[in-house]
Amino acid sequence: MKLKISHEVKKTILRYGISIILTLLFGSILIAIQGESPLEAVGHIFEGAFGNRINIGNTIRWIISSLMVGGAAIVAFKSGVSNLGIEGQLYMGALSAAIIGYSIELPHGLHVMACLLAASILGMLYALIPALLRVYFKINELITTLILNFIAKYLTEYITMWIIMGGQQSANGSASITTPQILNTARLSTIIKGTTANTGIFIALGILFFIAFIYKYTLEGYEFTQIGQNMSFARMGGVNINKSFIMVFLMSGLISGMGGGIEVTGSYYRFMPNFSNNLGWDGIMITRVANNNPLAVIIVSIIWGALKQGALHMERMTTLNRLVVIIIQMLFVLFVSIDYDNLFSRWKEKIRLKKTNSKGGSSIC
Amino acid sequence: MDKEKFVLEMHNINKKFKNLLANDNITFKVRSGTVHALIGENGAGKSTLMNILTNIQSPDSGQVYLRGEQVNFKNPLDAVRHGIGMVYQEFMVFPEMTVLDNIIMGFEQKKGIFIDYKESRRKVEEICKKYEFNISIDAKVDGLPVAALQQVEIIKVLYRNADIIILDEPTSVLTPQGVESLFHAIRFLVDQGKTIILITHKLKEVLEIADDITVLKNGRVTGTLLAKDTNELELARLMVGREVILQVEKPEYNIGEIILKIENLSVKDSSRVERVKNASFHVQAGEILGISGVAGSGQTELVEALVGLSNGNIEGQILFNGENIINETVAKRRKLGIGYIAQDRSAVGTNKEGTIWENAIMGYHRTKGFKTKHLLDYKDINSFTNKIIKDYAVKVQATEDKVKTLSGGNIQKLLVGREFLQEQKLLIIEDPTRGIDIGSVEFIWNRIIQMAKEGVAVLLISHELNEVMQLSDRILVMYNGSIIEHKNSRSLTEEQIGLMMLGGEIHEA
């Protein structure tokens with residue numbers, strides 16, 4: 001028993017170990033050819049992320065974002081739903097939170113809740129579209145969600161500019177397209193003064209633990225996992241695939257939407273087009289790195305948040321661009337996605353075959 | 001045969017795919033200037049052998065001799081250069097191009113870097129003339145009838161100077177007239193000194209056209225014969241006949257009321273092809289009803305319709321305890337008492353990436369249910385999983401291990417245990433012992449008999465004739481979508497059943 005389990009653990013260690021080494025190697029080369037010292041750069045990142053109270057606060061702010069999109073992605077991908085539409089659901093959620101935030105007056109706690117509720121519902125409804133298209137018209141969600149992202153992005157921009165601002169952008173000379181600031185009552189409380197680290201962190205952590213609970217302790221979670229790993233098997237066992245698909249899509253959309261809501265009520269205090277800066281895609285990468293383990297998403301999100309905040313500092317302190325950090329992150333995602341165990345055993349097999357061939361000379365290949 | 005000159009010899013060819021021995025020490029010799037039929041069921045190893053010959057796949061071991069010399073083809077093109085040409089079942093043509101373009105594609109006569117159309121055309125025309133192919137080479141391929149497409153393919157391999165021509169199931173796409181003219185062409189090609197390897201499973205055609213016959217079954221050669229010395233019955237036995245490797249004792253017991261009754265069931269698949277044709281039969285409590293047939297006779301579609309997994313269009317009635325369940329979901333059918341062992345244990349029967357307990361409770365988690373409707377009851381899960389492991393002797397180390405770490409036999413026992421321990425009234429069992437060790441086969445057979453003894457209705461669908469004959473109280477044969485029932489099926493010999501499986505008729509003695 002021990003032996004088998006340690007094989008799985010060994011595989012995991014192998015995977016992450018090799019990925020980290022390769023990433024460090026390529027990352028160092030990337031930094032070195034730009035004439036900077038890799039060690040120094042890492043130092044700046046670390047300092048930028050955790051160097052002082054303010055930096056830690058800002059890191060937490062980015063951890064919240066990573067947790068929400070990571071949570072939205074893991075629910076989908078662990079259950080075999082390729083929801084590439086997190087970005088779009090995020091936009092829908094963010095705009096609806098902003099509208100509720102500035103347009104109505106409510107007591108503090110209630111107002112925040114109303115914003116987040118609206119964000120969640122809009123995110124969910126927006127995810128319902130690809131879900132229904134998939135279930136009733138068999139249209140692959142990879143395509144629909146991708147397209148719906150663009151629609152969400154431009155639709156929210158349109159609503160902001162032509163309905164909320166009344167198309168007056170040029171008239172009053174304001175340079176940016178944005179909704180009015182949300183009222184103070186609609187803002188999540190900050191937990192570290194001078195930063196936008198907010199109570200959203202508790203919501204985000206709560207959601208991740210809730211996801212972990214669903215997958216470990218509920219029948220639905222069990223079924224979602226089975227669908228994600230082998231849909232024919234689940235179908236044979238009587239799992240209602242369509243119902244599960246819709247549920248998963250709704251959950252993923254809800255978390256994305258709420259994530260957008262937290263961005264607005266916790267950090268930006270308004271909605272502006274392009275606010276997400278491809279945040280939705282981070283979620284997919286975080287899940288990929290976390291290997292569909294909800295608790296690992298928390299750890300990866302901390303790293304993601306720290307890198308995002310730290311990279312800004314590194315950019316200020318060196319000649320490096322923070323895009324370097326993003327490239328290094330992508331490299332890590334790529335390396336982690338490689339099935340090393342399989343690769344090695346295939347190499348071994350090839351070498352073995354070659355040996356027998358050269359020895360025997362009897363084979364015809 | 002031994003003294004003749006062999007144009008092609010394949011010696012001791014072995015090829016293994018994961019757990020499947022596709023070619024098990026096959027020796028295959030073809031005499032020059034003959035039609036050699038290679039026959040066997042789907043999955044018998046014919047295609048693998050031909051892929052090895054044309055070097056699309058390389059064997060694990062074995063040698064190929066061409067005209068007496070050992071050859072080592074480096075790639076499929078190399079095989080073509082050595083004069084081996086294959087006409088595939090699915091024609092590989094570019095529909096937008098002309099017949100001529102299709103024929104010369106890849107092997108154009110060249111003048112510098114340009115295609116020498118004049119020379120190419122002359123060569124193709126010469127071949128058409130010599131072998132009496134009547135086809136207009138400037139016609140666009142799109143829209144040509146299949147018989148003509150087949151001719152294009154044959155001209156193509158002739159153009160590439162093939163003298164060994166492999167025809168893969170050439171008659172399956174042809175009308176009877178098309179078959180006649182194809183056979184005419186084959187005879188003509190042989191007269192001109194070509195050698196033909198004909199892959200098929202149609203016995204009548206084999207006896208009509210072939211000189212030599214090699215029969216494959218489960219990756220092994222079960223017979224090499226001269227067509228003039230054999231008959232359909234013998235070929236059927238070699239192709240689908242049973243290998244008695246194991247015998248089980250089946251006690252006598254009472255058979256109860258009808259559990260499952262199928263009436264006029266027709267299943268059309270998603271492309272509207274009728275796969276099950278007007279099937280009617282029933283299974284009684286305590287009875288094992290066996291359905292045998294060669295692969296692809298409609299068994300899969302029948303089972304899918306019974307279990308509730310069908311994507312096609314189903315008509316007729318499926319009565320379970322008198323209630324028509326034709327529109328019920330899989331979950332509902334399971335709840336009513338229908339257990340199902342899927343043919344493909346890797347793709348459908350189990351989730352290999354999942355743990356043993358996750359695989360053990362599939363189906364059970366909804367039919368028996370845990371204490372609450374939405375929470376997993378780990379105590380119940382553990383006791384059920386351990387019961388399967390104990391009662392069905394599944395060798396595992398921990399229930400948290402992934403199923404892919406288990407051997408085929410153990411996976412199958414796990415999945416049989418899962419279905420058998422859910423107190424079902426009807427068990428639909430597809431190929432329960434395919435590719436597993438003999439100990440597990442015996443174990444599972446005994447359990448199936450025991451289930452029937454306890455009053456469960458068993459519908460056994462198997463490609464192993466021996467399995468069906470050993471276990472069944474009654475045997476149905478499925479051929480080309482139709483169910484054939486013989487009134488005294490237990491008394492049939494394996495040759496007779498084999499012949500029915502291949503579409504032949506048995507004459508009462």
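In what sense do strand β19 and β20(B) of chain B pair, and over how many bridges? Figure 2 has the answer. This is a predicted model, where local features need pLDDT of at least 70 and side-chain atom pairs count only at pLDDT 80 or more, while totals for chains, interfaces and linings use all residues. Residues are numbered from 1 along each chain as its sequence is written, and chains are lettered from A and ligands numbered from 1 in the order in which they are written.

**Figure 1. Where chain A touches chain B.** Here 22 residues of chain A are in contact with 31 residues of chain B (C-beta atoms, placed from the backbone, within 7 Å). The most come from α8(A), with 5 residues.

**Figure 2. β20(B) and its strand partners.** Strand β19 (residues 426-430) of chain B pairs with β20(B) in the parallel sense over 5 bridges (strands pair if DSSP finds at least two bridges between them). Within that pairing, B:L427 has B:V458 as its bridge partner. Strand β15 (residues 288-292) of chain B also runs parallel to β20(B), again over 5 bridges, and B:L289 stands opposite B:L459.

**Figure 3. β20(B), covered on both faces.** Strand β20 (residues 457-462) of chain B has 6 of its 6 residues buried, so it's largely enclosed by the rest of the structure (buried: 20 or more other C-beta atoms within 10 Å of a residue's own, C-beta atoms being placed from the backbone). B:A457, B:L459 and B:I461 sit on one side, with B:V458, B:L460 and B:S462 on the other.

How values were computed. Two residues are in contact if their C-beta atoms, placed from the backbone, lie within 7 Å. Helices (H or I, at least four residues) and strands (E, at least two) are DSSP runs, numbered from the N terminus. A residue is buried if 20 or more other C-beta atoms lie within 10 Å of its own, exposed if 12 or fewer, and partly exposed in between; C-beta atoms are placed from the backbone.
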